[in-house]
Amino acid sequence: MKSAYCVPVLMYHHVSPTAGMITTSPRNFERQIAGYAKDGYRSLTAEEFAGFLAGKPVPEKSILITFDDGYLDNWVYAHPVLKKYGMHAVLFLVTGIIGEGPVRPINGEAVPLPEIVEHKQSKVLVAAGNTDPVMLRWSEVHAMREAGTFEFHSHTHTHTRWDLTTPDRDECLRLMRKELADSRATLEEKLGSVSDHFCWPQGYFADDYIELARQAGFKYLHTTLAHGQNLKGGDPACIYRFAVRNRGYAWLWQRTHLAAHPVIGPLYNRWKSWKKSMRKKV
Ligand SMILES: [Zn+2]
């Protein structure tokens, strides 16, 4: 078996018929997942991905599918599609805003589905403490875990950007340390275990944050940096992920190939980084 040279990591947030920011429609999501399945792609577990970074071989057509935050629509719309095609995703939960109560209906069941609010509106509801119509419940987390469609990791406890709210850096680090501890404790309590994979809220991190995450027991740090390659022997503290657009499989196939290509991939990433730096100068 030829092992993958690079494993592209995909980043999703919402899969919902309610159009909005960082949202993929259920139709496009199914086209994307069905396309990967048909092409023989393997969606890795976080553990398999960690093994790859450490040098273990994985199938040549490997990807890691990640979701951030833990929205209700992941259960209602993404979970049934992953199940249908035998694909697997990794979800970074904001552990402090996951609710209680029974599982809600999912797409494909002959009952009215929960109404999914659009991203900006969902932020307003969460900020007001009205999280249940927006976020997953623990019962749904358990059901997805048992079905093998999703596995769950930490995305902090409250998703607060302490670096923006707390000018004193020592105080900021103290609050962030508590975030990490609370999130770990919640995952331990609700799921019986916690992994060493972690995802930064809004992609923000700095050297002292990395040190903090390491001290808290996290080794694999998932960023929102898109323009780099996850290679065998690569740095687990800097996992590159690209945002999946609300497009069909043809776009995603092309983007996956660009991400993984040994020659064109680095050229593309350099070009995109250069473009970004030019935009900053303007
Ligand atoms: Zn997030």
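Mentor: Welcome! Let's start with a term: a helix is a DSSP run of H or I with at least four residues, and helices are numbered from the N terminus. This is a predicted model, and in it R279 sits in helix α10, residues 264-281.

Trainee: Is R279 buried or exposed?

Mentor: The word exposed applies when the relative accessible area is over 50%. R279 has 57%, so it is exposed.

Trainee: Let's turn to the metal. Which residues coordinate the zinc ion?

Mentor: To read a metal site, look for N, O and S donor atoms within 2.8 Å of the metal. Here the zinc ion is held by D69 through OD, and by H155 and H159 through NE2, at 2.1 to 2.2 Å. Along the sequence, the spacing of these donors is D-x85-H-x3-H. D69 belongs to strand β5 (residues 62-69), while H159 is in the loop between β7 (150-154) and α6 (162-165), so this pair ties together parts 90 residues apart in sequence.

Trainee: Are D69 and H159 buried or partly exposed?

Mentor: Buried means under 20% relative accessible area. D69 is buried because its value is 6%, whereas H159, with 22%, counts as partly exposed.

Trainee: How many salt bridges does the whole structure have?

Mentor: A salt bridge pairs a side-chain nitrogen of Lys or Arg with a carboxyl oxygen of Asp or Glu within 4 Å. A search of the whole structure finds twelve. One of them joins E100 and K190, at 2.7 Å from N to O. That pair links distant parts of the chain, 90 residues apart: E100 is in the loop between β6 (89-93) and α4 (119-127), and K190 is in helix α7, residues 169-191. E100 is exposed at 53%, and K190 is partly exposed at 24%.

Trainee: Which residue forms a salt bridge with R104?

Mentor: That is E140, with the closest N and O atoms 2.8 Å apart. E140 lies in helix α5 (residues 138-147) and R104 in the loop between β6 and α4, so the bridge ties together parts 36 residues apart in sequence. E140 is buried at 0%, and R104 is buried too, at 12%. Salt bridges with shared partners also join R104, D132, R137 and E140 into one network.

Trainee: What about R161 and D163: are they buried or exposed?

Mentor: Both R161 and D163 are buried. They form a salt bridge with each other, their closest N and O atoms being 2.7 Å apart.

Definitions and conventions:
Residues are numbered from 1 along each chain as its sequence is written. This is a predicted model: local features need pLDDT of at least 70, side-chain atom pairs count only at pLDDT 80 or more; totals for chains, interfaces and linings use all residues. Side-chain values use heavy atoms; hydrogens and water are left out. Helices (H or I, at least four residues) and strands (E, at least two) are DSSP runs, numbered from the N terminus. Buried means under 20% relative accessible area, exposed over 50%, partly exposed in between (1.4 Å probe, protein chains only). Donors are N, O and S atoms within 2.8 Å of the metal (3.2 Å for Na, K and Ca); water is not among the atoms, so sites may look incomplete.
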